[in-house]
Amino acid sequence: SGNYEQAVEIPSPVDESITLQIRIIPYAGNRRLLIARDMTRIQKMQRTRQDFVANVSHELRTPLTVISGYLETLLDAPECRGEFEPQLHSMQTQTRRMNRIVEDLMLLSRLESEKPRVDADPVQVGRMIESIVLQARELSGLEHQIIEADVDGDLCIEGRESELYSAFSNLVFNAVRYTPAGGRIKVSWHDSENGPRFAVTDSGVGVEAHHIPRITGRFYRVDAGRSRARGGTGLGLAIVKHVLLRHQSALEIDSEPGVGSTFSCVFAPEHRVAC
Ligand code: ADP
């Protein structure tokens, strides 16, 4: 098509087990420079890493379930709690944190390795947002941030419901985590010129511009202490990025330190469906 912006990956014409990345660079009028790179080893390493993370997180689930089960039993029985109650509570908090990390790692592995299903379902995003906002108010607890939703209930899109739920809830819960007590959070869902748009705006701590390009990386945190204290796993935005990629959308971040942030995404108009 004459569009050389993106490289393409193809099996080598002489040996199908080799993957080549082909990039074409136009130069000096009508000339073209073709660069072919052997991606086979890089792809194999990526797959090994993905499998390793998926296996480790899967293996950790059973021991964690046993530990949290016994901790609950100990905390429920006054004669067992005894003088160790604070330590048992601390163990329970950390076990829950490990559980969340393991669940997020497993979700991320699935998002990375599974091919998106072709047959997507109609998703009632308005209803989904209502339920996320209720949970966000619970998470907000004593901080009492004002959380509002401004949604078009008749606007539905085609997609994978559980994935979109993970992405949208991560963005809303982050707004709660990084907005001080009494701040404002607004979740909106409306049609725009470019297609249906989901956005979360907060009056929180904001993110400095130099962090933004790296913020969707795994375990990348601007303030690790705050993230851990508020129950973050450091994987939320990586999950958001992957889910949006699988829905041909992308995360946009507009933020000013000390003022607040807007995390938004636009879905292609062809994703719109009747509710
Ligand atoms: P975490 O579990 O640490 O929140 P995320 O991947 O969700 O991990 O986010 C990565 C980092 O991006 C966070 O640690 C935080 O520093 C920053 N961040 C995410 N959302 C916001 C927000 N709404 N306001 C300010 N900073 C944010």
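## Who touches the ligand

A polar contact here is a pair of N or O atoms within 3.5 Å. Keep that cut-off in mind as you look around the ligand in this predicted model.

Let's start with a side chain: Ser227 has a polar side-chain atom 2.5 Å from an oxygen atom of the ligand. A polar backbone atom of Gly234 sits 2.7 Å from a ligand oxygen, and for Leu237 a polar backbone atom is 2.8 Å from an oxygen atom of the ligand. So how much of the ligand's accessible area does the protein cover? On its own the ligand has 530 Å² of accessible area, and the protein covers 98% of that.

## The pocket and its shell

The ligand takes up the space of the largest pocket. Around the ligand there are 21 residues, and the ones that come nearest are Asn174, Tyr178, Ser227, Thr233 and Gly234.

What kinds of residues make up this shell? Sorted by class, you get ten nonpolar, eight polar and three charged residues. Helix H5 (161–177), helix H7 (236–246) and strand E10 (260–266) each contribute at least two residues to the shell.

## Rings that pair up

There are also some aromatic rings to spot: the count comes to four aromatic pairs. One of them is Phe168 with Trp189, a tilted pair with 6.5 Å from centre to centre and 50° between the planes.

Why does this pair tie together parts that are 21 residues apart in sequence? Because Phe168 lies in helix H5, while Trp189 lies in strand E7 (residues 184–192).

Note on methods
Residues are numbered from 1 along each chain as its sequence is written. This is a predicted model: local features need pLDDT of at least 70, side-chain atom pairs count only at pLDDT 80 or more; totals for chains, interfaces and linings use all residues. Side-chain values use heavy atoms; hydrogens and water are left out. A residue is near a molecule or strand if one of its heavy atoms lies within 4 Å of it. A polar contact is a pair of N or O atoms within 3.5 Å; within protein, one must be able to donate a hydrogen and the other to accept it, and residues adjacent in sequence count only if both atoms are side-chain atoms. Accessible areas come from the Shrake-Rupley method with a 1.4 Å probe; for residues, only the protein chains shown count as cover. On a 1 Å grid over the protein atoms alone, a cavity is a set of points where a 1.4 Å probe fits but cannot get out, and a pocket is an open set with protein on both sides within 12 Å along at least five of seven lines; lining residues have an atom within 4 Å of a point. A molecule sits in a cavity or pocket if more than half of its atoms lie within 2 Å of its grid points. Helices (H or I, at least four residues) and strands (E, at least two) are DSSP runs, numbered from the N terminus. Ala, Val, Leu, Ile, Met, Phe, Trp, Tyr, Cys and Pro count as nonpolar, Asp, Glu, Lys and Arg as charged, and the others, Gly among them, as polar. Rings of Phe, Tyr and Trp (its six-membered ring) pair if their centres lie within 6.5 Å; planes under 30 degrees apart count as stacked, over 60 as edge-to-face and the rest as tilted.
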